[in-house]
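Thanks for coming, everyone. Let me put the model on the screen and walk you through a few spots.

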Amino acid sequence: MAASETTHALDLPEICALIATHLTKTQLGECILVSHRWADTFRPLFWRTRLVPRHKVALCRDEDLARHGHHIRILSAGRIQQTSPFDQASVAYLQHLEVSTCGSNDEPDNGLGCLPAIVHRNKASLSEFHWMCFGRDLKLNKPFRIWPEVFLGLERLETVVLSKWSMAIDDFLTILKACPSLNTLTFEATEDLEDPSPPPSNSSNANSSSNRSKQWSKGMDTSQDPPLFQHHGVHTVHYNGNAMPGYLQHLPNVHTLHLQNLTHGNLSTIPDEIRQFCPEIASLHTLTPCSNPSRFLSLVDSIHTLRSFQGRVPSEAMQDFLEMVLAKHAETIETLCLTEAESDGLRFNVWRFLENCPRLSDFQIPYKLEGSLLEATTTSVPTGFTSSYFSSPRFSRRRPYEPTKPWVCQDLSKLWLRIKDMDIQLMESITTDLCLDRLMPPMEKVAKASSSGSSSSQYQQQHQQQGRVLSVGSLVGHHAHHRHGHGHGYGGARAHSPLERLIVEKLSGLRKLSKINIGSGWYELPDMKD
């Protein structure tokens, strides 16, 4: 009986493909030279991705692309001109294409070069398309107008990123109709073109405009358009640089909206469009400065159900924003991550989120929170708003936080707070105690709990005996008293006050908490032992 042949793990294409994801192009090339079998395995992986910088022209040999171009799936083709080595029959299975063209009113094709041929050849496989334009139309003082006919036939296209173009609403609708599988749209420094038919500057441009109209009518029948065309597949929209007014009304199923680097923080008509046409928006990313707090609050108020918020909040609107989220979205908010910024004097009891938001999983407020140990006692309504969202109390009287309510956020996995009321050593000791608590065997936890008693009852008894309300200053002084050696604890460390122990106890109950930063840096928490 012939001995059975054994297969080495490196002879399996699946294993080689996993290894290839961690190798450079040079290392992949060396693998091809090892053997014929490895060459057959690693050559497609070597050619899978071709990257050329945006402003560069590709320097690939035509004969190499003719032999191996069918392996390319991800292509950053650099600047496309009249000719390109990628414009050949072998490059016909692209899934991801990034390309830039130089706009021109002097060329019959407006500077598109061979791009339409490349796109048409890959229309059956292309799922992501990034297209940037260099140059501006000096007569309109805008970026060059986009050629939407390039998108005709791209029925499998899912993601589009358009950079530095001018676009009229009919151009936008043509793209939407040509791409039924589209789900993600990004506009980077793209400007709205109010006049859909810019005047021709010369005979060649007039001919190109005429050819454009013929190509539109040949590629798509627009004679019987409905009054308002809507694309129901797009779920994510990114605006970077400019907000495109009137576009969201054609995208009723958008659930994620990104606003980044908007000029002068101009939110334009976005709040009104969300209210009227986009009731499904639940995730808002505002990585843009906003000089108008009322406009920002109006934007947040326009969202019916908020599940995720990430980004900047104007400092003047911070307290109103947090109150709005608590009052309107406490049952649905899952992610609340604010961009780190310097903000003094922000008074807000952040523990209320942990007490009232059961779905909260990622909570990051990296501001200096002065009121983290305070309870509010008065009410206030911001100018221009009559909503009941702002009926929650505001701060007028200093009073220590009494965490008597249970923390309902059992899915919390990431927490970042900068608590100004607590000193750095206290923050570090809380984090250390959390790590030790998770590493402690379960039986030792039971023994420790029975010997120390209930932190909650100790806290309440302490304040009943004092017969007065502690100020934050006296509480911090109490912390300092223990920090300088007047308290006792295991390991020679100072003993925690009843309030501190209660906070540690509540944090210890969050079984899914994996990362924490309370002002002293990020800590990875060990898995909790059962």
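Look at Arg-145 first. Its side chain makes a polar contact with the side chain of Asp-171, at 2.9 Å. Where does Arg-145 sit? Arg-145 is in the loop between β6 (142-143) and β7 (159-163). Is Arg-145 buried or exposed? The cut-off for buried is under 20% relative accessible area. Arg-145 has 13% relative accessibility, so Arg-145 counts as buried.

A word of caution before I go on. This is a predicted model. Please keep that in mind for everything I say.

Now the overall numbers. The chain has 530 residues, and 46% of them count as buried. Its secondary structure comes to 16 helices and 21 strands. Next, contacts between residues at least 6 apart in sequence. Of these, 69% join residues at least 24 apart. And the surface? The chain exposes about 26,000 Å². Carbon and sulfur atoms supply 51% of that area.

Next stop, Glu-188. You will find Glu-188 in strand β9, residues 184-188. Its relative accessibility is 26%, so Glu-188 counts as partly exposed. Which residues does Glu-188 contact, leaving aside neighbours within four places in sequence? The list is Val-161, Leu-162, Ser-163, Lys-164 and Asn-240. Take two of those. With Ser-163, there is a polar contact from side chain to side chain, at 2.8 Å. With Lys-164, look at the C-alpha atoms. They are separated by 6.3 Å, yet Glu-188 and Lys-164 are 24 residues apart along the chain.

On to the helices. Start with α2, residues 25-32. Its buried residues are Leu-28, Gly-29, Cys-31 and Ile-32. Why are they on the same side of α2? Because they cover an arc of only 155° around the axis. What do they pack against? The buried residues of α2 pack against α1 (13-20) and α3 (36-47).

Helix α8 gives us another case. This one spans residues 270-277. Here Ile-270, Pro-271, Glu-273 and Ile-274 are buried. Look down the axis of α8. The buried residues fall within an arc of 165°, so they line one face of the helix. That set packs against three elements: β11 (236-240), β12 (256-260) and α9 (293-301).

Let's follow β12, then. Four of its five residues are buried, so β12 is largely enclosed by the rest of the structure. Who are its strand partners? β11 is joined to β12 by five bridges, and the two run parallel. In that pairing, Thr-236 has Thr-256 of β12 as its bridge partner. Strand β13, residues 283-287, is also joined to β12 by five bridges, again in parallel. There, Leu-259 stands opposite Thr-286 of β13.

Now go back along the chain to β3, residues 96-102. How many of its seven residues are buried? Five are, and the strand is mostly covered. Strand β2, residues 74-79, runs parallel to β3, with four bridges joining them. Ser-76 stands opposite Glu-98 of β3. The other partner to show you is strand β4, residues 128-134. β3 and β4 pair over seven bridges, also in the parallel sense. Thr-101 faces Cys-133 of β4 across that pairing.

Helix α5 covers residues 115-121. β3, α5 and β4 together make a β-α-β unit, and the unit is right-handed.

Last stop, Ser-508. This residue belongs to helix α16, residues 498-508. Is Ser-508 buried or exposed? With 15% relative accessibility, Ser-508 counts as buried. Which residues does Ser-508 touch, not counting those up to four places away in sequence? They are Leu-434, Asp-437 and Met-528.

A quick recap. Arg-145 counts as buried, and its side chain has a polar contact with that of Asp-171. Glu-188 counts as partly exposed, and its side chain has a polar contact with that of Ser-163. The buried residues of α8 line one face of the helix, and they pack against elements including β12. β12 runs parallel to β11 and to β13. β3 runs parallel to β2 and to β4. That's my tour. Over to you.

Conventions:
Residues numbered from 1 in each chain as written. Predicted model: local features only at pLDDT ≥ 70, side-chain atom pairs only at ≥ 80, totals over all residues. Heavy atoms only, no water. Buried < 20%, exposed > 50% of the residue type's maximum accessible area, 1.4 Å probe, protein only. Arc of directions from axis to C-beta. Contact = heavy atoms within 4.5 Å. Pairing = 2+ DSSP bridges. Right-handed = clockwise from strand over helix to strand, strands pointing away. Polar contact = N/O pair within 3.5 Å; in protein donor to acceptor, adjacent residues only side chain to side chain. Areas by Shrake-Rupley, 256 points an atom, 1.4 Å probe, with all protein chains shown as cover.
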